[in-house]
Amino acid sequence: MYPMAAFDWNDSLNLMGKMTLRRLWNGTRVLGSYYLGRLMKKPLQWGYPVSISFEPTTSCNLRCPECPSGLRAFTRPTGMLENDFFRKTIDEIHRELIYLIFYFQGEPYLNPDFLNMVRYAHDKKIYTATSTNAHYLTDEVAKRTIESGLDRLIISIDGATQDVYQQYRVGGNLAKVLEGTRNIIRWKKELKSKTPFVFFQFLVVKPNEHQVADIKKLAREMGVDQVRFKTAQVYDYETDPNGLIPDTDKFSRYRKMADGRFVPKNKLANRCWKQQHASVITWDGLVVPCCFDKDATHQLGNLKDQSFKTIWHNANYYLFRQELKKSRKNIDICANCSEGVSVWKD
């Protein structure tokens, strides 16, 4: 980890500052039910999620080859999260919720109400984070981002030069990404704000794996807080038709077999911490198990019909948790899961 990562301590203190007795008690119940459920081999679930992902939109300006949004390959509709609907849900769950991720699919900044939603969650003392391709961080938007109280800004940057960057971020402009990053860092200093914690997220694929050192150097020069490297989820991983699986083993979620096929490294134990403590809500109110259910095929409830807290403990969720405890490898969205092997700092 290079020296800039020392800022991670400030970020941790910021997160801890969001804690209340009610949130602490809820988190303790969630953690306790996870370990007791493992011991009993039963789908035990106490409390409510400490982390939720809310999808601002499924729209995106780029066409990344392993992204349903980029490929325009959704079977579910494309749309924008409505501010009133978002607020209603947050009003219900904010007392237990610690961490709110404004991202699932799509580019969050395409939703014109996005930063208003961030401000609303911030005022509820929830830690807020988002992931962006940084093409819309104009001077004005960067200033509003700082003022919104956003706690964490993940900037996806998968290349240190335009020719490499565009191989995965199809249709993207690296110069815009860097300009947007500079705008954020400048306004953060101008407004004397400790937030957001800004880091480059580098999705390591075969075309860019040779630029890992370059992206660290670029991050230092620009003054971002940290660089994180993420392994890529490849849908057709057995044959890797797009040639995305890196040659360097530590950069890959997959292991190459003697016959040339790839298999996931993760052995998929019949448990899932993410399933225990987190949930995902689509722009139109569908509650799904996690971020791997990109097309919302496992719909556990609909917030237009039920409250989130009712859905969290309903029969659909119980049956999904039961199946996970029994045979996780048979759940399609789990087969390509990266839990425990996907992200590392440098």
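Trainee: Which backbone oxygen does the side chain of glutamine 276 reach, and at what distance?

Mentor: In this predicted model, where local features need pLDDT of at least 70, side-chain atom pairs count only at pLDDT 80 or more, and totals for chains, interfaces and linings use all residues, the side chain of glutamine 276 reaches the backbone oxygen of leucine 44 at 2.8 Å. Residues are numbered from 1 along each chain as its sequence is written, and side-chain values use heavy atoms, with hydrogens and water left out.

Trainee: What makes glutamine 276 count as buried?

Mentor: Buried means under 20% relative accessible area, exposed over 50% and partly exposed in between, with a 1.4 Å probe and protein chains only; glutamine 276 has 7% relative accessibility and therefore counts as buried.

Trainee: Why is arginine 152 called buried?

Mentor: The relative accessible area of arginine 152 is 11%, so this residue is buried as well. Leaving out residues up to four places away in sequence, arginine 152 touches, among others, Asp11, Tyr99 and Arg228, where contact means heavy atoms within 4.5 Å.

Trainee: Why are H6 and H8 called oblique to each other?

Mentor: Helix H6 (residues 139–148) and helix H8 (residues 174–190) pack at an angle of about 50 degrees, with their axes 8 Å apart. Angles under 35 degrees count as roughly parallel, over 145 as roughly antiparallel, 65 to 115 as roughly perpendicular and the rest as oblique, and H6 and H8 are therefore oblique to each other.

Trainee: Which residues of H6 and H8 meet?

Mentor: Asp139, Ala142, Lys143, Thr145 and Ile146 in H6 meet Asn183, Ile184, Arg186, Trp187 and Lys188 in H8.

Note on methods:
Axes are lines fitted to C-alpha atoms, for helices over the stretch in contact, and angles run from 0 to 180 degrees between N-to-C directions. Helices (H or I, at least four residues) and strands (E, at least two) are DSSP runs, numbered from the N terminus. A polar contact is a pair of N or O atoms within 3.5 Å; within protein, one must be able to donate a hydrogen and the other to accept it, and residues adjacent in sequence count only if both atoms are side-chain atoms.
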